[in-house]
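I opened my notebook for a first look at this one. These entries follow what I looked up, in the order I looked it up.

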Amino acid sequence: MNELEEYMIQKQLPINLRKKITTYYHFKYQGSYFKEDLITFLLSDNLKKDINMGICRYLISNVSIFKELSKDQVSDIVQVLISEIFLPNDAIIQAGTIGEAMYFLASGTVAVYTHSGKEICHLQDGAYFGEISLVVKGQKRSASISAVEICHIYRLKKSDFQKTLMKYRQIYQSIINTAELRLKETSHVEETYKKTLFEETYTDSTVREQLQSQH
């Protein structure tokens, strides 16, 4: 941490950015610092798989679709998951963009918003998201998602999604069903929100015009 502090001072980083970086390090390493790449480089492939399964055991036990897979099938998926940490208010997904991955929430809370910024819901430990644009052809991101608190998330790239989850018909169908329901809900909330904004804007402008005419 002393080395990190000296680095941030030497680079003259803003105080708020220093706080974010320090928070990130504390969450990622929990006070114990090590060079993971060097440690795992010397291990056999089997040991690496066992370590990944051990690291992801909480995620595996909480994500419903993983419970329908065998240990070997889960291991295939775990091998290609990319661990990421998001700090409060960090944007994870932006509505309207092309989806290149889906995400599994190991810990923390994220907020889901429509394209216009209307909050739909919160997702917590064990949830997954970002699957809609991967399974619905031609569909861009239908919602924006940001971290409410510090979140530990595993990212599954589109190419790895196609190589792993798409192989299992039952799991893939379950993901499609969830994606279709979420897309309908998001569209409904968005249309309702737009209608409300229009009515409020129209009513306000009408009232202003009436008041102005009276004067």
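**Starting at a loop**

I began with Gln12, which sits in the loop between α1 (2–10) and α2. This is a predicted model, so I kept in mind that local features need pLDDT of at least 70. Buried or exposed, I wondered, is Gln12? Gln12 is exposed, because its relative accessible area of 67% is over the 50% cut-off.

**Along α2 and out the other end**

Next I followed helix α2, which runs over residues 15–29 and has 15 residues. From first C-alpha to last, α2 reaches 21 Å, close to the 21 Å expected at 1.5 Å a residue. I jotted down a reminder on helices: an α-helix has 3.6 residues a turn, so residues three or four places apart point the same way.

What does phi do just after α2? Gln30 comes there, with a positive phi of about 50°. Gln30 is a residue other than glycine, and I found it in the loop between α2 and α3. I checked its cover too: Gln30 counts as exposed, because its relative accessibility is 59%.

Ser32 has its place in the loop between α2 and α3 (36–41). With a relative accessible area of 42%, Ser32 is partly exposed.

I then looked up C-alpha distances for two pairs. Ser32 and Lys137 are 105 residues apart in sequence, and their C-alpha atoms are 44 Å apart in space. Asn62 and Lys167 are also 105 residues apart in sequence, and here I read 21 Å from C-alpha to C-alpha.

Where does Asn62 sit? Its place is in helix α5, residues 57–62.

**A buried serine**

My next stop was Ser142, in the loop between α7 (132–135) and β7 (144–147). Why does Ser142 count as buried? Its relative accessibility is 16%, and buried means under 20%. Which residues does Ser142 touch, leaving aside those up to four places away in sequence? I listed Ala95, His115, Ile132, Leu183 and Thr186.

**Stepping back to the whole chain**

Last, I collected the overall numbers. I counted nine helices and eight strands in the protein. How does the radius of gyration stand against a compact globule of 215 residues? Such a globule would have a value near 17 Å, but the protein has 22 Å. Along its principal axes, the C-alpha trace spans about 80 × 55 × 25 Å.

Of the 215 residues, 35% count as buried. The accessible surface comes to about 13,700 Å², and 51% of it belongs to carbon and sulfur atoms. I also looked at contacts between residues at least 6 apart in sequence: 72% of these join residues at least 24 apart.

The protein has 26 positive and 26 negative side chains, and I noted that the centres of the two sets lie 4 Å apart.

Note on methods
Residues are numbered from 1 along each chain as its sequence is written. Side-chain values use heavy atoms; hydrogens and water are left out. Helices (H or I, at least four residues) and strands (E, at least two) are DSSP runs, numbered from the N terminus. The radius of gyration is taken over C-alpha atoms; the globule rule is 2.2 Å times the number of residues to the power 0.38. Buried means under 20% relative accessible area, exposed over 50%, partly exposed in between (1.4 Å probe, protein chains only). Contact means heavy atoms within 4.5 Å. Accessible areas come from the Shrake-Rupley method with a 1.4 Å probe; for residues, only the protein chains shown count as cover. Lys and Arg count as positive and Asp and Glu as negative; His and the chain ends are not counted. The place of a charge is taken as NZ of Lys, CZ of Arg, CG of Asp or CD of Glu. The expected span of a helix is 1.5 Å times one less than its number of residues.
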